[in-house]
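Subject: A structure for you to explore

Hi there,

Here is the structure I promised to pass on to you. Have a look at it first, and then read on for what I found.

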Number of protein chains: 2
Amino acid sequence: MESIKIFAPATIANVSCGFDVLGLALDTVGDEMVIRKTSQKGIKITKIVGQDLPLETHKNVAGVAGLAFLSALNYDHGFEIEIYKNIKPGSGIGSSAASSAGAVWAMNELLGKPFNNTQLVQFAMEGERLASGVAHADNVAPALFGGFTLVRSTDPLEIVKIHTPDQLYATVIHPQIEVKTSDAREILKSTVLLKDAITQWANVGGLISGLYTEDYELIGRSLHDTIVEPIRSILIPAFDTVKRNSIKAGALGCGISGSGPSIFALSKGEETAEKVAASMKSVYKNVGIDFDIHVSKINQQGIKII
Amino acid sequence: MESIKIFAPATIANVSCGFDVLGLALDTVGDEMVIRKTSQKGIKITKIVGQDLPLETHKNVAGVAGLAFLSALNYDHGFEIEIYKNIKPGSGIGSSAASSAGAVWAMNELLGKPFNNTQLVQFAMEGERLASGVAHADNVAPALFGGFTLVRSTDPLEIVKIHTPDQLYATVIHPQIEVKTSDAREILKSTVLLKDAITQWANVGGLISGLYTEDYELIGRSLHDTIVEPIRSILIPAFDTVKRNSIKAGALGCGISGSGPSIFALSKGEETAEKVAASMKSVYKNVGIDFDIHVSKINQQGIKII
């Protein structure tokens, strides 16, 4: 193979209780990329469609992730990358992660899979470092592994793929306001109450149990964030109303996607997820904020060739 | 049935990363109790063998738990309780929980199961309140449900029974020193670093994933406590040596049982658990501290009729 076209999914990081460790991949929202072997060494971004992003390799997350990949190999040639962005940067559904993960996954395919998924996460994290200053794995891991993922450890890096029930759907609304990941990090406190932390890890335990046992109600009862959401949600207009209405419309739970401003809800079944979408839309229509909205099954596979 | 004899297991609470929420039941360590219907109203403790504990109903954890049970029923009669203690109070393996849970479980059996296990946990927690001042569920839950349990929420109370692999064995050593649960609570800080809390909930996620997928290595990698063990372990002589030697002897992980002073290790298979026991024993022999030691499979069933 000299060239492949891939789909790189959008992702929801944190997933309420799992701040910095949990993530999931979407199935019908994502970027497309074409990656081509070239005789020239290095990485060249030849085309970006859909967003105004830098073509210079060192300034582009896919470029930087690709360079990390190449630096771990003895490889005399290089790659060209075309990126067709459907995920808006700054939306909070893993725009930089999709590009970073997509680039290294495709390069790995073209070279006959010299690296495993965990190694690819490590390379893709360099793209995340460029995008946000922090080499976090909670979006690139679900993009590469699919389904729900747990970053159990960052040093050494260990990703655990969590069983994901088939009827789990996500609804994600992206209000057109800007929340920078770096700002969203800065407002967090460096200490938390032990009692809140206990509540949080009890919910992480409940969520993961619910995923393995396909107990949708338990998943719903566990989708709470006592630590980060109370602080970050003040950056997102009408967050409380969106959340309350989503639950009323049947969602299992609702929270901030990544560092926002997107808000996600999880539901059992597509029909409920669509009702949740309608309830979310009406909130932002009322307050007069433009939005994008997505309803998607959870992607079990991660990045794929199209 | 007018009378039953039961086995009420010892339990390990916290299990490293799961402070205040996780617990597991032992299979071959526990108390025996005889519970008998009487025409008299109320609870009467008629005999306690093996330990010097109060016979007065209001001062005895089984009595108090039993009264909580009765207060939720219209019942014109009462119960007599005999307790054969094998678990030493203050050992950190759920001595009060076994008596409290055993009493209410047996009374429930004798009356044709008017209550479910979660309701029984709630009654038994009143015994825990008498013993330690805090109505915690992390020992009574595994005693009643068996296996690994997660206290996902205390208000409302929700217990999740976690799948427990068949080859999981516990080794528990009880150095003969006193650590009061109330003291062990008081030295904890009310705030923790967010980064440590994140590590903790990542490990809770890893442990629960490892239990469901029967991935013993993942269970082992997740058995870490960045929050409580660094503080409480200073109350337990030679803790670090016991832990280091247990891991060397093949244990998956090692930590403080409940609020101590018992130290537990989990291993895959009985043979390894016995090697771990030998390594633990030699530490306390060297430092000249008396000890009890137990090796037990994880009990899948909880309290049972014998």
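Predicted model: local features only at pLDDT ≥ 70, side-chain atom pairs only at ≥ 80, totals over all residues.

Residues are numbered from 1 along each chain as its sequence is written, while chains are lettered from A and ligands numbered from 1 in the order in which they are written.

A:Lys113 counts as exposed, because it has 11 C-beta neighbours inside 10 Å. A:Lys113 also has a positive phi of about 55° although it is not a glycine. You will find A:Lys113 in the loop between α2 (95-110) and α3 (117-132) of chain A; helices (H or I, at least four residues) and strands (E, at least two) are DSSP runs, numbered from the N terminus.

Is B:Asp20 buried or exposed? B:Asp20 is buried, with 21 other C-beta atoms within 10 Å. The phi of B:Asp20 is positive too, near 75°, and its place is the loop between β1 (3-13) and β2 (22-38) of chain B.

Now for the whole of chain A. Chain A holds 10 helices and 12 strands, and 56% of its 306 residues are buried. Its radius of gyration (taken over C-alpha atoms) is 19 Å. A compact globule with 306 residues would have a value near 19 Å, so chain A agrees; the globule rule is 2.2 Å times the number of residues to the power 0.38.

How do the two chains compare? Chain A can be laid on chain B with an RMSD of 0.0 Å by a turn of 180° and a shift of 0.0 Å along the axis, with copies superposed by least squares on the C-alpha atoms of residues with pLDDT of at least 70 in both. The two copies are thus related as by a two-fold rotation axis. Within chain A, A:Trp201 comes closest to that axis, at 2.4 Å (C-alpha).

Next, the nonpolar core: a set of buried Ala, Val, Leu, Ile, Met, Phe, Trp, Tyr and Cys residues joined through C-beta atoms within 7 Å. The largest one has 194 residues, and B:Ala124 is among those with the most contacts inside it. Leaving out residues up to four places away in sequence, B:Ala124 touches residues including B:Ala65, B:Val104 and B:Leu144; a contact here means that the C-beta atoms, placed from the backbone, lie within 7 Å.

There is also a sheet to look for in chain A. Its four strands form an open sheet in the order β9-β10-β7-β11, with antiparallel pairing, where two strands pair if DSSP finds at least two bridges between them. The edge strands are β9 (253-256) and β11 (291-297), each pairing on one side only. Four bridges join β9(A) to β10 (residues 263-268) of chain A, and A:Gly255 has A:Phe264 as its bridge partner in β10(A).

Last, which residues does a cis peptide bond join in chain A? They are A:Asp155 and A:Pro156, with omega about 0°. A:Pro156 is found in the loop between β5 (148-154) and β6 (157-162) of chain A.

Happy exploring!

How values were computed. Buried ≥ 20, exposed ≤ 12 C-beta atoms within 10 Å, placed from the backbone. Contact = placed C-beta atoms within 7 Å.
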